[in-house]
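Q: I would like to learn how to read a structure like this one. Please show it, and then take me through its features.

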Amino acid sequence: MMSLRKLVAGNWKMHGLSSDLAEVRTIAEQAGGYPQVDVALCVPSILIERAARAVPGFAIGGQDVHHAEKGAHTGCTSALMLLDAGAVLTIVGHSERRDAQRESDADVKAKAESGLSVGLNVILCVGESLELREGGKAVETVTGQLDGSLPGDLHSAAELAIAYEPIWAIGTGKIPTTAEIAEMHAAIRARLHDRYGADGARVRILYGGSVKAMNAGEIFSIANVDGALVGGASLKAGDFIPIVAAAAAVEGAAPIA
Ligand code: PEP
């Protein structure tokens, strides 16, 4: 089985003020100790420019992007604005946005394509609710989300990552079993293959939902887990860097681009 270079991305959500830039610096500095892992931090949009200036060469990202190039969209941020501020990637389709902002698969697809069109890398989130999981519909829900939200053609596999984030595992301390993660990541891999051919084997699939230092090693050793999207445990270097270290400790990181 091919193993891809791991990506560990932090999602700071609505956390982060100027006073937290010191933590961004610490994270970037310590992440530099693990050159075999790609590490990124997705910070609030208003902090992107200062974060990017604080840590040149370290990947700073956004948490959402509008699908339109520009226009009458009060309060929204375009892909070019993210890029202009110094972001190199963005999350799209996080379940908190799919839920609170009622984003559909079609919206998420348009956002992903908008990000890719200006050269941002994209982390596209999918994941089922507890009700769907318990109803035995997790895999069909997630593959359905992929069918509706995967962007069209890719320039390279490196520009897209899928984050499988079961909604019931986000911020709850609960995580799926190893077998459940393996089953879902295999299903996602098959869908990526169908959609992108050979490139589909090299699009990274991240797991997200209550990843911590103590469970990261086990999660990273599951087939088709190519990294993690980390919420709460990404806010402090002391919690986040051990997760990066766990990714570095997993064998066989092949370059993907
Ligand atoms: C997230 O919301 O992307 C996430 C994975 O959060 P947490 O790690 O806090 O569960």
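A: Strands (E, at least two residues) and helices (H or I, at least four residues) are DSSP runs, numbered from the N terminus. This is a predicted model, in which local features need pLDDT of at least 70 and side-chain atom pairs count only at pLDDT 80 or more, while totals for chains, interfaces and linings use all residues. Residues are numbered from 1 along each chain as its sequence is written, and side-chain values use heavy atoms, with hydrogens and water left out.

Q: How many bridges join β1 to β8, and in which sense do the two strands run?

A: Two strands pair if DSSP finds at least two bridges between them. Here four bridges join β1 to β8 (residues 227-230), and the strands run parallel. Strand β1 is also joined to strand β2 (residues 38-42), by five bridges and again in parallel. G10 has L41 of β2 as its bridge partner. Between β1 and β2 the chain passes through helix α1 (residues 21-31), and this β-α-β crossover is right-handed. A crossover is called right-handed if, with the strands pointing away from the viewer, the path from the first strand over the helix to the second runs clockwise.

Q: Why is β1 described as largely enclosed by the rest of the structure?

A: Buried means under 20% relative accessible area, exposed over 50%, and partly exposed in between (1.4 Å probe, protein chains only). In β1 (residues 7-11), five of the five residues are buried, so the strand is largely enclosed by the rest of the structure. Both of its faces are covered, with L7, A9 and N11 on one side and V8 and G10 on the other.

Q: Which residues cover the two faces of β7?

A: Strand β7 (residues 204-208) has five of its five residues buried. On one side are R204, L206 and G208, and on the other I205 and Y207. Strand β6 (residues 160-164) pairs with β7 in the parallel sense over four bridges, and Y164 stands opposite Y207. Together with helix α8 (residues 178-196), β6 and β7 make a right-handed β-α-β unit. Two bridges join β7 to β8, also in parallel, and there Y207 has A228 as its bridge partner. The chain crosses from β7 to β8 through helix α9 (residues 213-220), and this crossover is right-handed.

Q: Is R133 buried or exposed?

A: R133, found in helix α6 (residues 130-134), is buried, with a relative accessible area of 14%. Its side chain makes a polar contact of 3.1 Å with that of Y164. A polar contact is a pair of N or O atoms within 3.5 Å; within protein, one must be able to donate a hydrogen and the other to accept it, and residues adjacent in sequence count only if both atoms are side-chain atoms.

Q: Which residues come nearest to the ligand?

A: A residue is near a molecule if one of its heavy atoms lies within 4 Å of it. Of the 15 residues around the ligand, K13, H94, E165, G171 and S210 come nearest. A polar side-chain atom of K13 is 2.6 Å from a ligand oxygen atom, and for E165 the distance from such an atom to a ligand oxygen is 2.8 Å.
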